[in-house]
Amino acid sequence: MPPVASPLRPVSAPVPTPDTGAQNSRRDAGFSLLELMVVVVILSVLALVVVPRVIDRPDQARAARAKADIASVVSAVNLYRLDNFRYPTTEQGLQALVSRPSSDPQPANWAEGGYMDRLPMDPWGQPYQYLSPGVHEDFDVFSYGANGTAGGAGVDQDIGSWTLN
């Protein structure tokens, strides 16, 4: 006897049967407590390894910024010397790079507009220091580091023009 066509189902369509796999997949849809605990342990181990390396980065970034600022100031001081045949005195300081010094010795060929737009502050919010003649070179430009006082080690270490080389 030939199959009878139903208006709802074509003759060639398979007859649906209960799917036992669908019932099993509903049971396995979530994560077990053990699987979640394994993931938490793995993330904790990764955090213990990565966090100490990341915490040190801000201090390294501040030291790198201080070195870049000092290199910029050193370049401006050297330009000042090229124009005026001498470095600014310690009393004139780095301000001589921004505005014409009023104290002696007067710069004969001070560049209009100055040698820098403004003086940068060190990464710890303090002004850069200047000595001419310097202890280490013809002049020294330096920051006292995080503690703001001479000497120190680590983040408190002085960073100066003598450390650029």
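Q: What makes aspartate 59 and arginine 62 a salt bridge?
A: Their closest N and O atoms are 3.3 Å apart. A salt bridge needs a side-chain nitrogen of Lys or Arg within 4 Å of a carboxyl oxygen of Asp or Glu, so this pair passes. Keep in mind that this is a predicted model, where local features need pLDDT of at least 70, side-chain atom pairs count only at pLDDT 80 or more, and totals for chains, interfaces and linings use all residues. Residues are numbered from 1 along each chain as its sequence is written, and side-chain values use heavy atoms, with hydrogens and water left out.

Q: Why are aspartate 59 and arginine 62 said to be about one helical turn apart?
A: Because they sit 3 residues apart in helix H3. Helices here are DSSP runs of H or I with at least four residues, strands are runs of E with at least two, and both are numbered from the N terminus.

Q: Why are aspartate 59 and arginine 62 called neither buried nor exposed?
A: Buried means under 20% relative accessible area and exposed means over 50%, with partly exposed in between (1.4 Å probe, protein chains only). Aspartate 59 comes in at 31% and arginine 62 at 33%, so each counts as partly exposed.

Q: How many salt bridges does a search of the whole structure find?
A: It finds 2. Arginine 65 and aspartate 69 also meet in one, at 3.6 Å from N to O. Both lie in helix H3, 4 residues apart, which is about one turn of the helix.

Q: Is aspartate 69 buried or exposed?
A: Its relative accessibility is 15%, so aspartate 69 counts as buried. Arginine 65, at 41%, is partly exposed.

Q: How do you know which residues methionine 121 touches?
A: Contact means heavy atoms within 4.5 Å. Not counting residues up to four places away in sequence, methionine 121 touches Arg65, Asp69, Gln126, Pro127 and Tyr128. Methionine 121 lies in the loop between helix H3 (57–84) and strand E1 (129–131). Its C-alpha atom is 8.9 Å from that of alanine 66, 55 residues away along the chain. At 39% relative accessible area, methionine 121 is partly exposed.

Q: What makes the link between serine 143 and aspartate 122 a polar contact?
A: Their side chains are joined at 2.7 Å. A polar contact is a pair of N or O atoms within 3.5 Å; within protein, one must be able to donate a hydrogen and the other to accept it, and residues adjacent in sequence count only if both atoms are side-chain atoms. So the 2.7 Å pair falls within the limit.

Q: Why is serine 143 called buried?
A: Because its relative accessible area is 1%. Serine 143 belongs to strand E2 (residues 140–143). Leaving aside neighbours within four places in sequence, its contacts are Ile70, Asp122, Trp124, Tyr128, Asp158 and Ile159.

Q: How many aromatic pairs are there?
A: The count comes to 6. Rings of Phe, Tyr and Trp (its six-membered ring) pair if their centres lie within 6.5 Å; planes under 30 degrees apart are stacked, over 60 edge-to-face, and the rest tilted. Tyrosine 130 and phenylalanine 139, with centres 6.2 Å apart and planes at 35°, are therefore a tilted pair. Both tyrosine 130 and phenylalanine 139 are buried.

Q: Why is the pair of phenylalanine 142 and tyrosine 144 called edge-to-face?
A: Because their planes stand at 75°, with the ring centres 5.3 Å apart. Phenylalanine 142 is buried at 8% relative accessible area, while tyrosine 144 is partly exposed at 26%. Elsewhere, ring pairs link Tyr80, Trp110 and Tyr115 into a cluster.

Q: What pattern does the protein follow along the sequence?
A: The pattern is α-α-α-β-β-β, from 3 helices and 3 strands. Of the 165 residues, 24% are buried.
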